[in-house]
Amino acid sequence: MKTQARIALFEGHHGQVVLRELPLPVPAAGETLVRVLGCTLCGSDLHSFEGRRQVPVPTILGHEIVGEIIDQGPGSPREDPQGQSLNPGDRVTWAIVAHCGHCFYCLRGLPQKCQRGVKYGHEPLRDERSLNGGLASHCLLAPGSTILRLPPGIPLALAAPASCATATIAAACEAAGDLRGADVGIFGAGLLGLTACAMAHDRGASRVYCVEPSSPRRSRSIRFGAVGCESADQLSSLVQSSEVPPGLDVVVELSGSTAALEQALPLLRMGGTAVLVGAVFPGPPAGIVPEQIVRRQLTLRGIHNYSPRHLQQAVAFLAEAVGRWPLDELVTDWLPLEEIGRAFQLARDPARIRVGVVP
Ligand SMILES: [Zn+2]
Ligand SMILES: [Zn+2]
């Protein structure tokens, strides 16, 4: 058995990571040691790597991770929330935040904001037990981690993003309310946007539109069941021509653009809901007309990360999505950990949706 873990360490020098070795820890009470099978690079990893986002350093980035259990500490979870047993050799995903279950925010239904939480891929490396990121050969899962056994039929390319992109979209869809018969506008056709198009369909949406200025990304959204729109203006003209009251029931903003939010709100019908997900970096303030929110009875919801139930919903969605939605094509490259620098370089190419790393 291996006694060393290999890690790609980000020390805060933008555009650089260094490979290091650490002694492999023995899991303590409540901990689970996994071997990393693959980790996809999320947009926020890229932002941290390039210095567009503050992250405590040194750190092991990477939080869209699939692993295989190799060792379980005393009292660590032996069953997942669906009642499936957890044993060495099992292929698993886990929620991005390990939560305590009894702090102020945990008790208010926001375990992702746990005051004692451990957020994978976002924690400083303090010692050899801080194996918290996916850009490594191993991860040490903290007590309070929600670990799910993955169905065997879900390939790595679909399973890796489950713990960030897919589960976040499950949380966004829940915030959007009942999607059966709804007309939905998705802003942005990255992995989150394309997943949102497919999930909205699976939840019974009537029509799904995807606003994306980049032509290759927009044309891909068509394969995820969306009507591709170059701009909000084009979407507006499409919904004007419908026979029912013009507009959308739901918009999901994934681009992070203030302008997109300003363009999205007027597209909503009476009683519509806007779910904001993309604005995870500081941007200019939005011009919003409060009277319009009041008279049109609009709901604005922000969604950041998710609760454990959303990861369960994400895995259930992915199990059904295999062969129905071309999600497997969205991870274009898999590189070894030794080529992590090149992996980040490839991930900067807007034509690539996700790049994966296999240690
Ligand atoms: Zn992420
Ligand atoms: Zn807590």
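## Domain arrangement

In this predicted model, the centres of domain 1 and domain 2, taken over C-alpha atoms, are separated by 29 Å. The domain assignment, whose bounds come from an automatic or database source, gives domain 1 as 4–164 + 306–358 and domain 2 as 176–302.

Contact, meaning C-beta atoms placed from the backbone that lie within 7 Å, joins 16 residues of domain 1 to twelve residues of domain 2. On the side of domain 1 that touches domain 2, the elements giving two or more residues are H1 and helix H10 (308–321).

## Helix H5

Helices (H or I, at least four residues) and strands (E, at least two) are DSSP runs numbered from the N terminus. Helix H5 (residues 191–202) has twelve residues and spans 16 Å from its first C-alpha to its last, close to the 16 Å expected at 1.5 Å a residue, where the expected span is 1.5 Å times one less than the number of residues.

A residue is called buried if 20 or more other C-beta atoms, placed from the backbone, lie within 10 Å of its own, and ten of the twelve residues of H5 are buried, among them Leu191, Cys197 and Met199. Just after H5, Gly204 adopts a positive phi of about 95°.

## Helix H11

In helix H11 (residues 340–347), the buried residues are Ile340, Ala343, Phe344 and Ala347. Seen down the axis of H11, these residues fall within an arc of 95°, so they line one face of the helix, the arc being that of the directions from the helix axis to the C-beta atoms. Their cover includes strands E1 (4–9), E16 (331–336) and E17 (354–358), together with helix H1 (43–49).

## Conventions

Residues are numbered from 1 along each chain as its sequence is written, while chains are lettered from A and ligands numbered from 1 in the order in which they are written. Because the model is predicted, local features need pLDDT of at least 70 and side-chain atom pairs count only at pLDDT 80 or more, whereas totals for chains, interfaces and linings use all residues.

Conventions
Contact = placed C-beta atoms within 7 Å.
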